[in-house]
Amino acid sequence: MFSKSNSRRDSQTSHKVEAGVPSILSPDMVVTGNLASSGEVHLDGTVHGDIEAQVLTIGESAHVRGNISADTVRVSGTIVGSIRAREVILSRTARIEGDIHHDILSMEAGARLEGMCRRLAAVMEKKDEEASTLLLTTRDNDAA
């Protein structure tokens with residue numbers, strides 16, 4: 001009787017732990033160095049370094065000087081550096097100085113971007129073309 005309720009509670013607890021709680025960096029927090037998380041990060045402070053996360057939210061008061069790599073990035077603050085993500089969402093208060101490599105890009109009116117936007121698929125195709133060209137050049141040189 002008691003073991004059934006405990007097993008339910010244990011399975012519910014383990015599920016919550018797997019989902020995870022987002023890591024939050026408050027506005028008064030300044031980090032010098034790289035950040036890495038396998039889950040969600042909400043940033044309102046300042047980071048001088050690269051950030052890697054599954055889901056990254058850059059709040060309005062946040063400032064990042066470094067490169068960002070994530071599955072999803074939501075930006076309302078300022079970033080000086082490149083963004084590489086499957087999905088990038090720029091709110092009207094977003095300020096970006098750097099390139100964005102994405103599959104999906106959403107940009108509200110008022111967002112500022114100084115840099116290039118490239119689809120990840122296009123970047124991968126270009127790398128494949130360069131590799132093919134290099135391979136053909138190597139074969140041509142070997143034949144000569």
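Which side chain of opposite charge is nearest to aspartate 44, and how far away is it?

Residues are numbered from 1 along each chain as its sequence is written, and side-chain values use heavy atoms, without hydrogens and water. Because the model is predicted, local features need pLDDT of at least 70 and side-chain atom pairs count only at pLDDT 80 or more, while totals for chains, interfaces and linings use all residues.

**Figure 1. Overview of the protein chain, with two helices and 14 strands.** Helices (H or I, at least four residues) and strands (E, at least two) are DSSP runs, numbered from the N terminus. Of the 144 residues, 29% count as buried; buried means under 20% relative accessible area, exposed over 50%, and partly exposed in between (1.4 Å probe, protein chains only). Among contacts (heavy atoms within 4.5 Å) between residues at least 6 apart in sequence, 3% join residues at least 24 apart. The accessible surface comes to about 9,400 Å², and 51% of that surface belongs to carbon and sulfur atoms. Accessible areas come from the Shrake-Rupley method with a 1.4 Å probe; for residues, only the protein chains shown count as cover.

**Figure 2. Aspartate 44, in the loop between β4 and β5 (46-48).** Aspartate 44 is buried but has no salt bridge, a salt bridge being a side-chain nitrogen of Lys or Arg within 4 Å of a carboxyl oxygen of Asp or Glu. The nearest side chain of opposite charge belongs to arginine 74, 12 Å away. For charge, Lys and Arg count as positive and Asp and Glu as negative; His and the chain ends are not counted. Leaving out residues up to four places away in sequence, aspartate 44 touches Leu25, Ser26, Pro27, Gly59, Glu60, Ser61 and Ala62.

**Figure 3. The largest nonpolar core, made up of 24 residues.** Such a core is a set of buried Ala, Val, Leu, Ile, Met, Phe, Trp, Tyr and Cys residues joined through side-chain atoms within 4.5 Å. Ile58, Ile68, Val75 and Ile83 touch the most other members. Two or more residues each come from β4 (40-43), β6 (51-58), β8 (68-75) and β10 (83-90). Beyond four places in sequence, the contacts of isoleucine 58 include Leu43, Val64, Ile68 and Val75.

**Figure 4. Strand β4 and its parallel partners β1 and β6.** Val41 and Leu43 form the covered face of β4, and Glu40 and His42 the uncovered one. Strand β1 (residues 23-25) is joined to β4 by three bridges, with serine 23 opposite valine 41. Between β4 and β6 there are four bridges, and valine 41 stands opposite leucine 56. Two strands pair if DSSP finds at least two bridges between them.

**Figure 5. Strand β10 and its parallel partners β8 and β12.** Seven bridges link β8 to β10, and arginine 74 stands opposite isoleucine 89. Seven bridges also join β10 to β12 (residues 100-107), where alanine 85 faces histidine 102.

**Figure 6. Methionine 107 in β12, and aspartate 99 in the loop between β11 (95-97) and β12.** Methionine 107 counts as partly exposed because its relative accessibility is 42%. Apart from neighbours within four places in sequence, methionine 107 is in contact with Leu90 and Leu113. Aspartate 99 is partly exposed, at 29% relative accessibility.
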